[in-house]
Amino acid sequence: MKLRHARAIAVFGIAVFALTGARGSNGGGCDNSSSGSSSSSSSSSGGSGSDSDSSSGSGGVSVPGGGSSADKAARDVTIDTCAYDAATKKLTAKITVKNDGSLDYDYSVTMKFTGSGAVPATAVKTGIAVTAGSSASAELTTPYPGTGDGSEYTKCEVTRASRI
């Protein structure tokens with residue numbers, strides 16, 4: 001093999017390695033479970049939504065991180081409260097969407113409500129208009145699928161977010 005062929009193969013190998021990342025060092029990947037500092041971010045808050053007619057869970061929340069457009073939209077979402085509203089018999093999550101960009105966006109957010117022994121429930125909110133450099137609040141609700149007091153739902157998680 002000639003030197004130029006060996007050099008071309010070496011350059012190709014380095015390019016493939018750089019583009020795919022070192023899998024063993026959390027340096028990249030396609031799933032949201034990597035924990036490298038360059039590819040994960042979380043925005044959590046333990047809100048308690050303590051209205052007189054609602055009971056709240058422990059406030060556990062999570063937002064996926066990563067590098068795709070959807071992950072960037074998810075990082076713009078902060079969960080303020082995650083609770084069961086006894087008056088409406090609905091699971092409710094209040095969120096704030098912050099748009100630090102220079103363009104106006106319409107956000108769509110899918111929220112999953114879970115907890116110990118709870119049947120997962122999902123809420124979707126579309127058309128959350130956020131102008132450039134500002135934030136907007138929204139509320140995602142879904143009917144309570146249980147028969148108890150809602151205390152089994154202790155966690156809200158953004159499972160999907162997008163912006164257009």
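What follows is a short chat about the core, strand pairing and salt bridges of a predicted model.

Me: How many residues are in the largest nonpolar core?
Reply: 28 residues. A nonpolar core is a set of buried Ala, Val, Leu, Ile, Met, Phe, Trp, Tyr and Cys residues joined through side-chain atoms within 4.5 Å. Buried means under 20% relative accessible area, exposed over 50%, partly exposed in between (1.4 Å probe, protein chains only).

Me: Which element gives the most to this core?
Reply: β5, with five residues. Helices (H or I, at least four residues) and strands (E, at least two) are DSSP runs, numbered from the N terminus.

Me: Switching to pairing. How many bridges join β3 to β4?
Reply: Eight, and the two strands run antiparallel. Strands pair if DSSP finds at least two bridges between them. β4 also pairs with β7, antiparallel, over 10 bridges.

Me: And how many salt bridges?
Reply: Three, each a side-chain nitrogen of Lys or Arg within 4 Å of a carboxyl oxygen of Asp or Glu. One of them joins aspartate 76 and arginine 163, at 3.0 Å from N to O. Those two are 87 residues apart in the chain.

Me: Is aspartate 76 buried or exposed?
Reply: Buried, at 15% relative accessibility. Arginine 163 is partly exposed at 23%.

Methods:
Residues are numbered from 1 along each chain as its sequence is written. This is a predicted model: local features need pLDDT of at least 70, side-chain atom pairs count only at pLDDT 80 or more; totals for chains, interfaces and linings use all residues. Side-chain values use heavy atoms; hydrogens and water are left out.
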